[in-house]
Structure formats: structure tokens, C-alpha cells
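Dear colleague,

Please find below the structure for your files.

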Amino acid sequence: MKVDNAIIMAAGASTRFAPLSYERHKALTVVMGEVLIERQIGQLKEAGIKDIIVVTGYLSEQFKYLEYSHGVRLIKNPEFATRNNNGSIYAARSEINNSYICSADNYFTDNPFEREVSDSYYAVEYTDVHTEEWCVSVDENDMINSVRIGGSASWYMMGHAFWDEVFSKEFLSILEREYRLPSTRYKLWESIYMEHLDVLKMKARRYKQGTIYEFDTLDELRCFDTSYVEDSHSSYIKRAAKVLNCREGDIVNIKPVVENDTKTIGFDFECCEKRYRFLYADIIPNLL
């Protein structure tokens, strides 16, 4: 079947990517000389997918240029601050049919997209070591029949998915029924899928290890793009390095500091075997 469009979810705040995500949306991070979301849009267009919808929320104004420079459509998720990514699916529900469902912060070394797709699928990669990602088991037809969080020697969900018309109608019907339940608010769309495997049929599409990347933290990004070791592209880290008289690359193991479970007010980090806290206006040594 021909792919109708692609939905790229770019509404979340990506707090684990602190402090880069405080100043610029994670999807707009430059990796290996390319903006993450621009690279993904280019790969979709290269595959013949012209109708691309970006669902925004946090720092939504930073995506406006894509309408003119890349010809995408923008949809605002009004509940981005209070819901998980099921809110972005809900915001774009009228557009979803035979659709790619993508995350704006994925980096694909090879173009994974196609103009025609035969079945609904979720991209998976294999790992021998333990992972906290969502690991899948499949039947003889590669249909996913169980999902568990964490495992080893397993195929795990990583990257994009494709929903055909049948899957889309069934999923959106479930989402409509469950959307206002308090328990749904904090669920990933994948959690809803996992709870309804009996009716939501999706295959595992295998990709070789090292094809799909997702950088949850600055440390992970530095492993892939070493230019970030000496230049973090963050005014906060530059300021911390100046105060501590250290290299930017010495500032590692960064964790967001969150107030009242919602408001990010700074970040903790390690430098030269000591822990510090950056609270915008000050840096407090040896706090942790």
C-alpha cells in the first residue's frame, strides 16, 4: 500500500537532554552537521513521502521555519505539558491513515523509509547486552505477540513505526475511548499498543545495529558526534566551565533538576569527580 503521510512527533521537552534542550528543542540539535529533524524530513521526501506533519508543543515557535524551508505542516499539541506522546497522536488523529509515526529526535544512518509498505510495523534493533528499552517477542510471521520493558539478547523497539489503515482505525478508536481516563495521561502510545496486542497487529521490522540512534543525554550524543566534547553548544555548560575553570568535556553525567514534577529549574552534573548543581543563577559545589 502507498504511504499517505508521515507524522513526526516533536512536542516533548526532552528534559533528559538537559541543558541543551533548555535553549533549543532537541529535534533541532545539529548532529554530524545536520539538524536532526531536517535530516529525517529529507529522508522521507527522498522516499517519496511529500505530506509531512510535525506535531509541536514545547518551544513550538522554533519549528515555524520548517513550513517555508521544508514545506511541512505544523500541528500544535495543546496538552504537550501535561500528557505523554499519546497527546500528539490525538492532536494529529484526523491525519493518520497509512502513516509513518516518527520521533523527531531519531537519527537514521541509512534511509529507512519507503513509498510503499505492506504491513504495519515497528522498527527494532538487536542487542546482546541488557537494555531498558522495550523488548519484543514475535511469532513465525514476525508479528509482535509480547512486549516487555528491559531484557537482553533481544530485539527492542527503536525508531519509527508504520500504521496501515486498519491499525490506525483500531488504535484511534481505542484512544478515543481511553483518552480522558486519568491513567492514560502519562502513557506513551506504545503503552496503549502493548495493552491491546490482541487487536492491534503489528510486525517487527528488523534493522541492523547502528542504523537507528536516539540520544537521550548529552553524554550519548558525545559518543556519536565527538565535536560536542569540546563544544557543547550550550551557554549553560560554557558558563559552568568558566566558573569551574575546566573544559566543557569535563562536565558529564548531567541530570535535570525538576521542581514540582514539572518545572525544570537547572541540572546536576559531575566534574573532576565532584558533583555540582547549576540553578541558572548559581553553581553550588559538592551539593550531592
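Trp163 makes contact (heavy atoms within 4.5 Å) with Ile89, Ile96, Asn97, Asn98, Ser99, Ile101, Ser120, Ser168, Phe171, Trp189 and Met202, leaving aside residues up to four places away in sequence. This is a predicted model, in which local features need pLDDT of at least 70 and side-chain atom pairs count only at pLDDT 80 or more, while totals for chains, interfaces and linings use all residues. Residues are numbered from 1 along each chain as its sequence is written, and side-chain values use heavy atoms, without hydrogens and water.

Trp163 is also among the residues with the most contacts inside the largest nonpolar core, which has 32 residues. Such a core is a set of buried Ala, Val, Leu, Ile, Met, Phe, Trp, Tyr and Cys residues joined through side-chain atoms within 4.5 Å; buried means under 20% relative accessible area (1.4 Å probe, protein chains only). A second, separate core of 31 residues includes Leu28, Ile52, Phe108 and Ile212.

The whole structure contains zero disulfides, a disulfide being a pair of cysteine sulfur atoms within 2.5 Å. The sulfur of Cys246 lies 3.6 Å from that of Cys271, its closest cysteine sulfur, and this is too far for a bond. Cys246 is buried at 17% relative accessibility, and Cys102 is buried at 0%.

As for pockets (open sets of points on a 1 Å grid over the protein atoms alone, where a 1.4 Å probe fits, with protein on both sides within 12 Å along at least five of seven lines; lining residues have an atom within 4 Å of a point), the largest is lined by 44 residues, with Gly12, Ala13, Ser14, Asn84 and Leu188 nearest its centre.

With kind regards

How values were computed
Buried means under 20% relative accessible area, exposed over 50%, partly exposed in between (1.4 Å probe, protein chains only).
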